[in-house]
Amino acid sequence: MENRTPYFELNLQAFKGNLKRLEYLQQEAKVKILHTLKSFNEPKVLPLIGEQLLGMSVSSLKELELAKEAEAKHIHLYSPAFKADELSFMQEQVDTISFNSLSQWRRFSFVTKSSLGLRVNPKLNLPIPNYCNPNVEYSRLGVDYVEFLEQYKKSPKEFLALEGLHFHALFQSSFQGLWLLLEHIESNYQELLPRLKWLNLGGGHNFTDDSYEVKEFVKRVQEFHSRYEHIELIFEPGESVVSSCGDFVTTVLDIVEVAGEKMVILDTSTETHLLDVAIVNKRLKVEGTSTEATAYFYTLTGNSCLQGDCIGEYFFLEPLKVGSRVRFKDMIGYTMVKMTEFNGMEKAKLI
Ligand SMILES: Cc1ncc(COP(=O)(O)O)c(C=O)c1O
(Lines give C-alpha, C1' and ligand atoms only; values in the text may rest on other atoms or scores of the structure.)
Protein backbone atom coordinates (compact mmCIF):
# COMPACT_ATOMS: atom_id res chain seq x y z
CA MET A 1 0.00 0.00 0.00
CA GLU A 2 1.25 3.48 -0.85
CA ASN A 3 2.07 5.81 2.04
CA ARG A 4 -0.51 8.47 2.83
CA THR A 5 0.63 11.89 1.63
CA PRO A 6 1.95 14.40 2.40
CA TYR A 7 5.11 12.92 3.87
CA PHE A 8 8.86 13.47 4.00
CA GLU A 9 10.92 10.49 2.89
CA LEU A 10 14.44 10.18 4.28
CA ASN A 11 17.00 8.48 2.04
CA LEU A 12 18.92 6.73 4.79
CA GLN A 13 21.79 5.70 2.57
CA ALA A 14 22.37 9.27 1.35
CA PHE A 15 22.07 10.55 4.93
CA LYS A 16 24.65 8.05 6.18
CA GLY A 17 26.88 9.13 3.27
CA ASN A 18 26.71 12.74 4.48
CA LEU A 19 27.57 11.71 8.03
CA LYS A 20 30.51 9.68 6.73
CA ARG A 21 31.87 12.70 4.85
CA LEU A 22 31.52 14.89 7.96
CA GLU A 23 33.16 12.25 10.14
CA TYR A 24 36.06 12.09 7.67
CA LEU A 25 36.53 15.88 7.90
CA GLN A 26 36.45 15.69 11.71
CA GLN A 27 39.14 13.05 11.75
CA GLU A 28 41.43 14.38 9.00
CA ALA A 29 41.32 18.03 10.05
CA LYS A 30 40.90 17.40 13.78
CA VAL A 31 37.93 19.73 14.05
CA LYS A 32 34.62 19.42 15.86
CA ILE A 33 31.54 19.32 13.65
CA LEU A 34 28.27 19.99 15.47
CA HIS A 35 24.85 19.50 13.88
CA THR A 36 22.71 22.64 14.11
CA LEU A 37 19.28 21.55 15.28
CA LYS A 38 17.38 24.51 13.84
CA SER A 39 17.79 22.91 10.37
CA PHE A 40 16.51 19.44 11.27
CA ASN A 41 15.51 17.98 14.62
CA GLU A 42 13.62 14.71 14.11
CA PRO A 43 14.03 12.80 17.41
CA LYS A 44 14.18 9.38 15.72
CA VAL A 45 17.13 10.39 13.51
CA LEU A 46 19.09 12.61 15.91
CA PRO A 47 20.73 9.68 17.81
CA LEU A 48 22.47 8.64 14.58
CA ILE A 49 23.89 12.15 14.27
CA GLY A 50 24.78 12.09 17.96
CA GLU A 51 26.84 8.96 17.41
CA GLN A 52 28.82 10.18 14.42
CA LEU A 53 29.27 13.91 14.84
CA LEU A 54 31.12 15.45 17.75
CA GLY A 55 28.14 17.39 19.04
CA MET A 56 25.12 19.58 18.41
CA SER A 57 24.42 23.30 18.35
CA VAL A 58 21.18 24.44 20.00
CA SER A 59 19.33 27.70 20.48
CA SER A 60 16.53 26.97 22.96
CA LEU A 61 15.37 24.77 25.84
CA LYS A 62 13.51 22.50 23.43
CA GLU A 63 16.56 21.96 21.22
CA LEU A 64 18.74 21.40 24.28
CA GLU A 65 16.39 18.66 25.45
CA LEU A 66 16.55 16.98 22.02
CA ALA A 67 20.35 17.20 21.90
CA LYS A 68 20.61 15.61 25.35
CA GLU A 69 18.22 12.82 24.41
CA ALA A 70 20.36 12.16 21.33
CA GLU A 71 23.45 11.98 23.57
CA ALA A 72 25.29 14.82 21.84
CA LYS A 73 28.94 14.72 22.88
CA HIS A 74 29.41 18.50 22.93
CA ILE A 75 26.56 21.00 23.13
CA HIS A 76 26.99 24.58 21.95
CA LEU A 77 24.36 27.17 22.85
CA TYR A 78 23.68 30.36 20.93
CA SER A 79 20.66 32.58 20.57
CA PRO A 80 20.29 36.18 19.33
CA ALA A 81 19.07 36.97 22.88
CA PHE A 82 18.70 34.87 26.02
CA LYS A 83 16.02 35.08 28.71
CA ALA A 84 17.64 35.22 32.14
CA ASP A 85 15.71 32.31 33.70
CA GLU A 86 16.18 30.00 30.71
CA LEU A 87 19.86 30.80 30.43
CA SER A 88 20.54 30.07 34.09
CA PHE A 89 19.05 26.60 33.57
CA MET A 90 20.72 25.92 30.21
CA GLN A 91 24.21 27.16 31.04
CA GLU A 92 24.75 24.29 33.47
CA GLN A 93 24.05 21.74 30.75
CA VAL A 94 26.08 22.93 27.78
CA ASP A 95 29.80 22.97 27.00
CA THR A 96 30.13 26.28 25.18
CA ILE A 97 27.91 29.36 24.91
CA SER A 98 28.12 32.37 22.65
CA PHE A 99 26.42 35.66 23.33
CA ASN A 100 25.20 37.77 20.47
CA SER A 101 25.76 41.30 21.77
CA LEU A 102 27.90 43.29 24.19
CA SER A 103 24.82 44.03 26.30
CA GLN A 104 24.06 40.30 26.72
CA TRP A 105 27.76 39.66 27.42
CA ARG A 106 27.74 42.29 30.16
CA ARG A 107 24.53 40.96 31.66
CA PHE A 108 25.28 37.25 31.59
CA SER A 109 29.01 36.50 31.41
CA PHE A 110 29.18 35.40 35.04
CA VAL A 111 30.95 32.33 36.30
CA THR A 112 29.50 29.13 34.92
CA LYS A 113 30.77 25.65 34.18
CA SER A 114 30.52 26.22 30.42
CA SER A 115 33.07 28.06 28.32
CA LEU A 116 31.96 31.53 27.24
CA GLY A 117 32.23 33.19 23.86
CA LEU A 118 30.91 36.09 21.84
CA ARG A 119 29.47 36.15 18.34
CA VAL A 120 31.38 38.66 16.27
CA ASN A 121 30.17 39.81 12.87
CA PRO A 122 33.09 39.86 10.39
CA LYS A 123 31.02 41.80 7.81
CA LEU A 124 32.39 39.73 4.96
CA ASN A 125 31.45 40.86 1.48
CA LEU A 126 29.73 37.78 0.07
CA PRO A 127 27.10 37.24 -2.64
CA ILE A 128 24.34 35.96 -0.30
CA PRO A 129 20.63 36.89 -0.62
CA ASN A 130 19.93 39.65 1.93
CA TYR A 131 17.28 37.71 3.85
CA CYS A 132 19.84 35.13 4.99
CA ASN A 133 23.00 37.23 4.89
CA PRO A 134 24.26 37.96 8.42
CA ASN A 135 26.97 40.26 7.00
CA VAL A 136 24.66 43.07 5.86
CA GLU A 137 25.43 46.54 7.20
CA TYR A 138 22.57 46.74 9.71
CA SER A 139 22.75 43.13 10.88
CA ARG A 140 21.73 42.48 14.51
CA LEU A 141 23.53 39.14 14.42
CA GLY A 142 26.83 39.40 16.26
CA VAL A 143 28.86 42.40 17.41
CA ASP A 144 30.35 44.35 14.52
CA TYR A 145 34.03 43.30 14.57
CA VAL A 146 35.32 46.88 14.49
CA GLU A 147 33.22 47.77 17.53
CA PHE A 148 34.30 44.60 19.34
CA LEU A 149 38.01 45.18 18.68
CA GLU A 150 37.77 48.81 19.84
CA GLN A 151 35.98 47.75 23.00
CA TYR A 152 38.52 45.01 23.65
CA LYS A 153 41.38 47.49 23.27
CA LYS A 154 39.67 50.03 25.54
CA SER A 155 38.68 47.61 28.26
CA PRO A 156 40.34 44.19 28.05
CA LYS A 157 39.31 43.47 31.65
CA GLU A 158 35.70 43.27 30.51
CA PHE A 159 36.62 40.18 28.51
CA LEU A 160 38.60 38.18 31.07
CA ALA A 161 36.03 35.37 30.88
CA LEU A 162 36.11 35.26 27.09
CA GLU A 163 37.36 31.88 25.82
CA GLY A 164 35.90 31.72 22.34
CA LEU A 165 34.68 33.69 19.34
CA HIS A 166 31.78 32.66 17.13
CA PHE A 167 31.47 33.67 13.46
CA HIS A 168 28.43 32.63 11.44
CA ALA A 169 28.89 34.47 8.14
CA LEU A 170 28.51 31.94 5.34
CA PHE A 171 25.63 30.50 3.33
CA GLN A 172 25.81 27.42 1.07
CA SER A 173 29.50 28.20 0.74
CA SER A 174 32.36 26.42 -0.95
CA PHE A 175 35.81 26.29 0.69
CA GLN A 176 36.38 29.86 -0.57
CA GLY A 177 34.08 31.19 2.18
CA LEU A 178 36.03 29.45 4.93
CA TRP A 179 39.28 30.69 3.42
CA LEU A 180 38.01 34.31 3.58
CA LEU A 181 36.80 33.83 7.14
CA LEU A 182 40.12 32.42 8.36
CA GLU A 183 42.00 35.24 6.59
CA HIS A 184 39.74 37.73 8.38
CA ILE A 185 40.41 36.05 11.73
CA GLU A 186 44.15 35.67 11.35
CA SER A 187 44.63 39.27 10.28
CA ASN A 188 42.34 41.02 12.78
CA TYR A 189 42.55 39.21 16.11
CA GLN A 190 46.30 38.61 16.63
CA GLU A 191 46.19 40.03 20.14
CA LEU A 192 43.34 37.81 21.19
CA LEU A 193 44.10 34.51 19.47
CA PRO A 194 46.87 33.43 21.88
CA ARG A 195 44.41 33.46 24.80
CA LEU A 196 41.36 31.91 23.12
CA LYS A 197 40.40 28.25 23.52
CA TRP A 198 37.97 27.86 20.64
CA LEU A 199 36.62 29.43 17.49
CA ASN A 200 33.19 28.49 16.22
CA LEU A 201 33.19 29.05 12.45
CA GLY A 202 29.42 28.73 12.14
CA GLY A 203 27.31 27.03 9.51
CA GLY A 204 26.79 27.69 5.82
CA HIS A 205 29.57 25.30 4.71
CA ASN A 206 28.61 23.06 1.77
CA PHE A 207 30.66 20.20 3.27
CA THR A 208 28.61 17.35 1.81
CA ASP A 209 28.38 18.67 -1.73
CA ASP A 210 30.43 16.62 -4.21
CA SER A 211 32.20 19.79 -5.32
CA TYR A 212 33.38 20.78 -1.80
CA GLU A 213 37.16 21.09 -1.78
CA VAL A 214 37.90 18.60 0.99
CA LYS A 215 41.70 18.54 0.53
CA GLU A 216 41.97 22.33 0.60
CA PHE A 217 39.81 22.37 3.75
CA VAL A 218 42.09 19.92 5.56
CA LYS A 219 45.22 21.75 4.40
CA ARG A 220 43.98 25.20 5.48
CA VAL A 221 42.84 23.95 8.87
CA GLN A 222 46.21 22.26 9.43
CA GLU A 223 47.95 25.50 8.47
CA PHE A 224 45.84 27.38 11.04
CA HIS A 225 46.65 24.78 13.67
CA SER A 226 50.36 25.03 12.93
CA ARG A 227 50.12 28.64 14.18
CA TYR A 228 47.38 28.21 16.81
CA GLU A 229 47.59 24.65 18.04
CA HIS A 230 45.76 25.49 21.27
CA ILE A 231 42.56 26.66 19.52
CA GLU A 232 39.82 24.13 18.87
CA LEU A 233 37.99 24.77 15.60
CA ILE A 234 34.25 24.13 15.77
CA PHE A 235 31.84 24.08 12.83
CA GLU A 236 28.05 24.01 13.11
CA PRO A 237 26.51 23.17 9.74
CA GLY A 238 22.79 22.49 9.46
CA GLU A 239 21.76 22.33 5.85
CA SER A 240 24.74 20.29 4.66
CA VAL A 241 24.12 17.57 7.28
CA VAL A 242 20.82 16.69 5.59
CA SER A 243 21.24 18.00 2.05
CA SER A 244 20.23 15.67 -0.81
CA CYS A 245 18.83 13.24 1.76
CA GLY A 246 15.17 13.01 0.94
CA ASP A 247 12.00 14.27 -0.66
CA PHE A 248 8.58 15.68 0.17
CA VAL A 249 5.75 13.74 -1.46
CA THR A 250 2.28 15.11 -2.18
CA THR A 251 -0.85 14.14 -4.15
CA VAL A 252 -2.86 16.06 -6.77
CA LEU A 253 -6.34 16.69 -5.28
CA ASP A 254 -7.78 18.67 -8.18
CA ILE A 255 -6.85 20.42 -11.40
CA VAL A 256 -8.75 23.65 -12.05
CA GLU A 257 -8.56 25.37 -15.41
CA VAL A 258 -8.60 29.18 -15.10
CA ALA A 259 -8.16 31.47 -18.14
CA GLY A 260 -6.44 28.65 -19.98
CA GLU A 261 -4.01 27.93 -17.09
CA LYS A 262 -4.01 24.54 -15.39
CA MET A 263 -3.91 25.10 -11.62
CA VAL A 264 -3.02 21.97 -9.67
CA ILE A 265 -4.22 21.84 -6.05
CA LEU A 266 -1.95 19.62 -3.94
CA ASP A 267 -2.53 18.22 -0.45
CA THR A 268 -0.03 20.66 1.02
CA SER A 269 0.42 24.43 1.16
CA THR A 270 3.25 26.92 1.24
CA GLU A 271 2.22 28.03 4.73
CA THR A 272 2.14 24.55 6.26
CA HIS A 273 5.00 22.53 4.77
CA LEU A 274 6.91 24.78 2.35
CA LEU A 275 7.45 27.99 4.25
CA ASP A 276 10.60 28.99 2.36
CA VAL A 277 8.51 29.29 -0.81
CA ALA A 278 6.36 31.88 0.96
CA ILE A 279 9.23 33.68 2.73
CA VAL A 280 12.07 33.74 0.20
CA ASN A 281 10.24 32.77 -2.95
CA LYS A 282 12.33 29.61 -3.16
CA ARG A 283 12.13 27.63 -6.40
CA LEU A 284 11.68 23.96 -5.50
CA LYS A 285 13.01 21.04 -7.53
CA VAL A 286 10.18 18.79 -8.69
CA GLU A 287 10.73 15.27 -10.00
CA GLY A 288 9.56 14.64 -13.57
CA THR A 289 9.81 18.27 -14.69
CA SER A 290 11.95 19.99 -17.28
CA THR A 291 13.57 23.40 -17.64
CA GLU A 292 12.67 23.20 -21.35
CA ALA A 293 9.07 23.82 -22.43
CA THR A 294 6.87 20.71 -22.67
CA ALA A 295 3.18 20.22 -23.52
CA TYR A 296 2.31 19.77 -19.82
CA PHE A 297 2.54 23.14 -18.13
CA TYR A 298 1.01 23.45 -14.64
CA THR A 299 0.86 25.93 -11.79
CA LEU A 300 1.32 23.99 -8.54
CA THR A 301 -0.73 25.49 -5.73
CA GLY A 302 -1.66 24.64 -2.15
CA ASN A 303 -4.85 23.58 -0.44
CA SER A 304 -5.16 26.63 1.84
CA CYS A 305 -7.51 29.60 1.74
CA LEU A 306 -4.79 32.01 0.61
CA GLN A 307 -4.96 33.29 -2.96
CA GLY A 308 -1.15 33.63 -2.89
CA ASP A 309 -0.62 29.97 -1.98
CA CYS A 310 1.32 29.28 -5.16
CA ILE A 311 4.26 26.85 -5.16
CA GLY A 312 5.48 27.53 -8.68
CA GLU A 313 5.02 26.91 -12.39
CA TYR A 314 6.52 23.78 -13.95
CA PHE A 315 6.78 21.96 -17.26
CA PHE A 316 6.08 18.28 -16.57
CA LEU A 317 7.28 15.42 -18.76
CA GLU A 318 3.94 13.57 -18.36
CA PRO A 319 0.39 14.89 -17.85
CA LEU A 320 -0.85 15.14 -14.23
CA LYS A 321 -4.22 13.87 -13.12
CA VAL A 322 -6.16 13.71 -9.86
CA GLY A 323 -4.32 11.21 -7.66
CA SER A 324 -0.89 11.76 -9.31
CA ARG A 325 2.00 12.05 -6.89
CA VAL A 326 4.18 15.16 -7.00
CA ARG A 327 7.60 14.72 -5.45
CA PHE A 328 9.69 17.71 -4.32
CA LYS A 329 13.41 16.90 -4.22
CA ASP A 330 15.96 17.55 -1.48
CA MET A 331 13.47 18.79 1.08
CA ILE A 332 14.67 17.63 4.50
CA GLY A 333 16.50 20.71 5.83
CA TYR A 334 14.60 23.77 7.07
CA THR A 335 11.21 22.32 6.11
CA MET A 336 10.03 19.94 8.84
CA VAL A 337 11.26 22.32 11.57
CA LYS A 338 9.07 25.11 10.16
CA MET A 339 5.77 23.25 9.69
CA THR A 340 2.53 24.87 10.83
CA GLU A 341 -1.07 23.65 11.10
CA PHE A 342 -2.60 26.53 9.14
CA ASN A 343 -6.14 25.66 7.95
CA GLY A 344 -6.01 22.64 10.25
CA MET A 345 -3.67 20.81 7.92
CA GLU A 346 -1.68 18.02 9.48
CA LYS A 347 2.06 18.27 9.89
CA ALA A 348 3.75 15.81 7.52
CA LYS A 349 5.59 12.82 9.02
CA LEU A 350 9.07 11.54 8.21
CA ILE A 351 9.21 8.00 6.89
C1 LIG B 1 24.28 30.77 14.23
C2 LIG B 1 24.00 29.74 13.20
N3 LIG B 1 24.82 28.67 13.12
C4 LIG B 1 24.61 27.69 12.21
C5 LIG B 1 23.56 27.76 11.31
C6 LIG B 1 23.38 26.67 10.30
O7 LIG B 1 23.61 27.16 9.02
P8 LIG B 1 23.48 26.25 7.72
O9 LIG B 1 22.23 25.47 7.83
O10 LIG B 1 23.45 27.22 6.59
O11 LIG B 1 24.69 25.36 7.69
C12 LIG B 1 22.67 28.87 11.37
C13 LIG B 1 21.56 28.97 10.43
O14 LIG B 1 20.82 29.92 10.36
C15 LIG B 1 22.91 29.88 12.34
O16 LIG B 1 22.10 30.95 12.43
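Mentor: A polar contact is a pair of N or O atoms within 3.5 Å; within protein, one must be able to donate a hydrogen and the other to accept it, and residues adjacent in sequence count only if both atoms are side-chain atoms. This is a predicted model, in which local features need pLDDT of at least 70 and side-chain atom pairs count only at pLDDT 80 or more, while totals for chains, interfaces and linings use all residues. Residues are numbered from 1 along each chain as its sequence is written, and side-chain values use heavy atoms, without hydrogens and water.

Trainee: How far is an oxygen atom of the ligand from a polar backbone atom of Gly204?

Mentor: Gly204 is among the residues that surround the ligand, each having a heavy atom within 4 Å of it. Between a ligand oxygen and a polar backbone atom of Gly204 the distance is 2.7 Å.

Trainee: Which residue has a side-chain N or O atom 2.6 Å from an oxygen atom of the ligand?

Mentor: Glu239 uses a backbone N or O atom, 2.8 Å from a ligand oxygen. The side-chain atom at 2.6 Å belongs to Tyr334.

Trainee: What share of the ligand's exposed area does the protein bury?

Mentor: Accessible areas come from the Shrake-Rupley method with a 1.4 Å probe. Alone, the ligand exposes 400 Å². The protein buries 86%.

Trainee: How many residues of the ligand shell are charged?

Mentor: Asp, Glu, Lys and Arg count as charged; Ala, Val, Leu, Ile, Met, Phe, Trp, Tyr, Cys and Pro as nonpolar; the others, Gly among them, as polar. The shell has three nonpolar residues and five polar ones, and the charged residues number four.

Trainee: How many salt bridges are there between domain 1 and domain 2?

Mentor: An automatic or database assignment places domain 1 at 31-242 and domain 2 at 246-350. A salt bridge needs a side-chain nitrogen of Lys or Arg within 4 Å of a carboxyl oxygen of Asp or Glu. Two residue pairs are in polar contact between the domains. The salt-bridge count is zero.
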